[in-house]
Amino acid sequence: MLPMELFYKTHEYLVEHVNSPVERELMREIDWSHRLIGIKGSRGVGKTTFLLKYAKEKFGTSRECLYINLNHLCFTDKTLAQFAQEFAAQGGKTLLIDQVFKYPNWSEELRYCYDNIPQLNIVFTGSSVMRLKEDNPYLADVVHSYNLRGFSFREYLNLFTNANIKALTLEELLKNHQQIAEEITQKINPFDYFDAYLQHGFYPFFLEKRNFSENLLKTMNMMMEVDILLIKQIEPAYLTKIRKLLYMLVKDAPCTPNVSKLSQAISTSRATVVNYIKYLSDARLINVLYEEGESFPKKPAKVYMHNPNLMQVVGEENLNSQSLAETFFCNALFKDHTVTKGEKGVHFVIDGEYSFKVGTIKYRKKETNIIYAEDNIMIGRENVVPLWMFGLLY
């Protein structure tokens with residue numbers, strides 16, 4: 001069988017057997033008319049499934065679309081550009097490329113395809129660590145980059161309840177949260193699902209019949225061993241330092257990192273510690289907050305685990321409802337908003353405009369400039385918004 005036929009056969013099998021019970025919001029956000037689309041995301045969020053779902057919905061069994069994984073040994077002998085030209089010559093119109101960063105000179109060859117095969121659309125996936133525009137002169141002016149995240153609480157609810165809840169903007173939520181909550185809670189009880197989401201709902205592989213905690217730990221290690229070391233071209237000998245740094249941050253998270261103490265603990269410079277923290281953030285293992293008006297390479301003002309699922313697996317010793325609430329809120333807002341550390345009495349400032357206090361709140365100040373994202377309430381009022389509703393933002 002010819003190599004191209006093998007790829008078609010694999011494509012047909014994968015598309016036929018793809019299991020994607022939730023309509024991901026990103027599927028509607030992408031402008032699929034662009035000729036070069038990059039979809040970034042951390043390991044475990046479902047990038048491969050996302051590509052195959054798109055192929056199934058848009059093309060069915062048509063040979064105009066083909067999924068390939070650049071891990072295939074064929075690409076040690078044939079270049080990506082040669083393969084793309086052969087595919088286009090056979091009538092191919094959309095090439096879906098997985099694991100692009102494992103292929104040498106991938107950005108140069110994608111640019112060659114863009115310039116020389118104008119009838120071909122290319123959609124590729126890559127690690128969240130990749131910087132497709134900032135550090136990539138070959139693609140900066142032609143690629144359209146998107147980020148695929150793990151399941152939102154909204155997507156998780158829709159999976160288990162078929163409620164078909166629509167994504168909200170932050171402005172819609174703050175303005176109409178009481179009415180929206182009343183409409184949703186007439187149909188379902190969000191608290192029947194919220195704790196389970198915090199435990200295992202962010203990563204779609206909870207749908208697989210495997211031990212979730214073990215799978216997530218393996219995924220975390222792959223983020224460090226492959227995504228960070230390979231893409232950032234760091235010597236493998238430094239992996240131990242990165243792992244130890246992550247553990248020190250995790251066991252105290254949420255925390256204000258003491259960079260001097262961390263640099264001593266892993267025997268490296270303060271500047272390297274700050275760089276490593278940035279890499280862990282890019283890999284979606286942690287979320288880093290700065291003081292308003294500051295950014296990398298400044299020292300972070302606060303570090304959170306990227307999402308509550310990671311806390312459940314790694315940070316069980318210090319797990320508490322307040323930390324989970326803050327981590328959930330931070331992760332939900334990071335997608336489309338600038339999240340900075342708040343002043344005294346305020347956990348977060350969003351877009352330099354909204355001040356939030358998060359969690360189980362015993363005392364509320366009378367000032368109206370603070371919004372309370374309150375845990376353990378089903379329906380809010382005025383400036384008191386149920387915490388679970390921030391999971392409806394994507």
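Modeller: Let's start with the word helix: here it is a DSSP run of H or I, at least four residues in length, numbered from the N terminus. In this predicted model, Ser-263 sits in one of these, helix H11.

Colleague: Is Ser-263 buried or exposed?

Modeller: The cut-off for buried is under 20% relative accessible area. Ser-263 has 9%, so it counts as buried.

Colleague: And what is Ser-263 in contact with, leaving aside its neighbours within four places in sequence?

Modeller: Thr-268, Ser-269, Arg-270 and Val-273.

Colleague: On to the backbone. What should I expect of phi and of peptide bonds?

Modeller: Most residues other than glycine have a negative phi, and most peptide bonds are trans. Now look at Ala-253 to Pro-254: that bond is cis, with omega near -5 degrees.

Colleague: Where is Pro-254 found?

Modeller: In the loop between helix H10 (239-252) and helix H11 (259-265). There's also a cis bond joining Phe-296 and Pro-297, with omega about 15 degrees. Pro-297 belongs to the loop between strand E6 (286-289) and strand E7 (302-305).

Colleague: Which residues have a positive phi without being glycine?

Modeller: Asn-105 is one of them, with phi near 60 degrees. Look for Asn-105 in the loop between strand E3 (94-98) and helix H5 (106-116). Gln-233 is another, at about 55 degrees, and its place is the loop between helix H9 (212-231) and H10.

Colleague: Is Gln-233 buried or exposed?

Modeller: Exposed, because its relative accessibility is 72%. Asn-307 counts as buried, at 0% relative accessibility.

Colleague: What does the side chain of Asn-307 make polar contacts with?

Modeller: Two side chains to look at: that of Tyr-203, at 3.0 Å, and that of His-306, at 3.1 Å. If you skip residues up to four places away in sequence, Asn-307 touches Phe-202, Tyr-203, Thr-327 and Asn-331.

Colleague: How do I read aromatic rings, then?

Modeller: A pair of aromatic rings is described by the distance of the centres and the angle of the planes. With ring centres within 6.5 Å taken as a pair, the count comes to 28 aromatic pairs. Take Trp-32 and Phe-50: their centres are 6.3 Å apart and their planes at 25 degrees, so the pair is stacked.

Colleague: What does the pair of Trp-32 and Phe-50 tie together?

Modeller: Trp-32 is in the loop between helix H2 (26-29) and strand E1 (36-41), and Phe-50 is in helix H3 (residues 47-59), so the pair ties together parts 18 residues apart in sequence. Trp-32 and Phe-50 are both buried. Phe-329 and Phe-348 are stacked too, because their planes are at 25 degrees, with centres 5.2 Å apart. Phe-329 lies in helix H14 (residues 321-334) and Phe-348 in strand E9 (residues 348-350), so this pair ties together parts 19 residues apart in sequence. Phe-329 is buried at 0% relative accessibility, and Phe-348 is buried with a relative accessible area of 0%.

Colleague: Which rings are linked into a cluster?

Modeller: Phe-151, Phe-153, Tyr-156, Phe-160, Tyr-193, Phe-194, Tyr-197, Phe-206 and Phe-328, through ring pairs.

Colleague: Which arginines lie over the face of a ring?

Modeller: Have a look at Arg-35 over Tyr-114, at 4.0 Å from the ring centre, and at Arg-63 over Tyr-8, at 4.1 Å.

Definitions and conventions
Residues numbered from 1 in each chain as written. Predicted model: local features only at pLDDT ≥ 70, side-chain atom pairs only at ≥ 80, totals over all residues. Heavy atoms only, no water. Helix = DSSP H or I, 4+ residues; strand = E, 2+ residues; numbered from the N terminus. Buried < 20%, exposed > 50% of the residue type's maximum accessible area, 1.4 Å probe, protein only. Polar contact = N/O pair within 3.5 Å; in protein donor to acceptor, adjacent residues only side chain to side chain. Contact = heavy atoms within 4.5 Å. Phe/Tyr/Trp six-rings, centres within 6.5 Å; stacked < 30°, edge-to-face > 60°. Lys NZ or Arg CZ within 6 Å of the ring centre and 35° of its normal.
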